[in-house]
Amino acid sequence: IIKIFNNMANTKSAKKRIDINKRNRLRNKYYKTSVRTLIKLLFKNLELYKISKNLEDKKKVHEILSLVYSMMDKGTKKSIFHKNMAARKKSKLVSYLKKV
């Protein structure tokens with residue numbers, strides 16, 4: 001005999017927790033993927049700036065860097081990122097920028 005377990009919540013509070021977890025998972029996913037995408041964009045523009053040494057490219061790199069900082073700080077405030085992890089990543093990104 002095979003028992004099939006249904007993982008549906010039985011109590012009202014458990015149902016609420018499922019909804020809250022779903023909401024939080026989507027919010028966390030949004031911040032994490034946005035930061036990852038912005039970092040990729042930053043590196044792409046950084047490579048472009050290395051080649052061109054154009055002032056407009058440098059400005060664009062700084063704008064993207066500020067967007068990354070903003071998203072990471074907001075995510076840290078909402079406990080999506082640990083504060084030390086965010087600080088470490090921001091420091092690493094600035095070090096890449098200073099090498100150019």
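Which residues in α2 meet which residues in α3? In this predicted model, V61, H62, L65, V68, Y69, M72, D73 and T76 in α2 meet K83, M85, A86, K89, K90, L93, V94 and L97 in α3. Helix α3 also packs with helix α1, and the two axes come within 11 Å of each other.

**Packing of α2 with α3**

- Helix α2 comprises residues 55-77, and its axis lies 10 Å from that of α3, at an angle of about 170 degrees.
- Angles over 145 degrees count as roughly antiparallel, and α2 is therefore roughly antiparallel to α3.
- By residue class, the contact of α2 with α3 divides into ten nonpolar, two polar and four charged residues.
- L55 lies in helix α2 and counts as exposed, with a relative accessibility of 67%.
- From L55 to K77 the separation is 22 residues in sequence and 33 Å in space, taken C-alpha to C-alpha.

**Packing of α1 with α3**

- Helix α3 spans residues 83-99, and its axis crosses that of α1 at roughly 10 degrees.
- Because angles under 35 degrees count as roughly parallel, α1 and α3 are described as roughly parallel to each other.
- On the α1 side the contact involves I39, L42, F43 and L46, which meet L93, Y96 and L97 in α3.
- The residues of this contact of α1 with α3 comprise seven nonpolar, no polar and no charged.

**Aromatic pairs**

- The structure holds two aromatic pairs.
- Y30 and Y31 form one of them, in an edge-to-face arrangement with 5.3 Å between the centres and 75 degrees between the planes.
- Within this pair, Y30 is partly exposed at 49% relative accessible area, whereas Y31 is buried at 8%.
- F43 and Y96 also form an edge-to-face pair, with a centre-to-centre distance of 5.2 Å and 75 degrees between the planes.
- This pair links distant parts of the chain, as F43 belongs to helix α1 and Y96 to helix α3, 53 residues apart.
- F43 counts as partly exposed at 32% relative accessibility, and Y96 likewise counts as partly exposed at 33%.

- S34 is located in helix α1, which covers residues 12-52.
- A polar atom of the S34 side chain lies 2.7 Å from the backbone oxygen of Y30.
- Since buried means under 20% relative accessible area, S34 counts as buried at 17%.
- K90 is placed in helix α3, and its side chain makes a polar contact of 2.6 Å with the side chain of D73.
- Leaving aside residues up to four places away in sequence, K90 touches Y69, M72 and D73.

**Loops between the helices**

- K53 lies in the loop between α1 and α2.
- Although K53 is not a glycine, this residue has a positive phi of about 55 degrees.
- K53 is exposed, with a relative accessible area of 52%.
- S79 is found in the loop between α2 and α3.
- The phi of S79 is likewise positive, at about 60 degrees, and S79 is not a glycine.
- S79 is exposed, with a relative accessible area of 65%.

How values were computed:
Residues numbered from 1 in each chain as written. Predicted model: local features only at pLDDT ≥ 70, side-chain atom pairs only at ≥ 80, totals over all residues. Heavy atoms only, no water. Helix = DSSP H or I, 4+ residues; strand = E, 2+ residues; numbered from the N terminus. Buried < 20%, exposed > 50% of the residue type's maximum accessible area, 1.4 Å probe, protein only. Polar contact = N/O pair within 3.5 Å; in protein donor to acceptor, adjacent residues only side chain to side chain. Axes fitted to C-alpha atoms, helices over the stretch in contact; angles between N-to-C directions. Parallel < 35°, antiparallel > 145°, perpendicular 65-115°, else oblique. Contact = heavy atoms within 4.5 Å. Nonpolar A, V, L, I, M, F, W, Y, C, P; charged D, E, K, R; others polar. Phe/Tyr/Trp six-rings, centres within 6.5 Å; stacked < 30°, edge-to-face > 60°.
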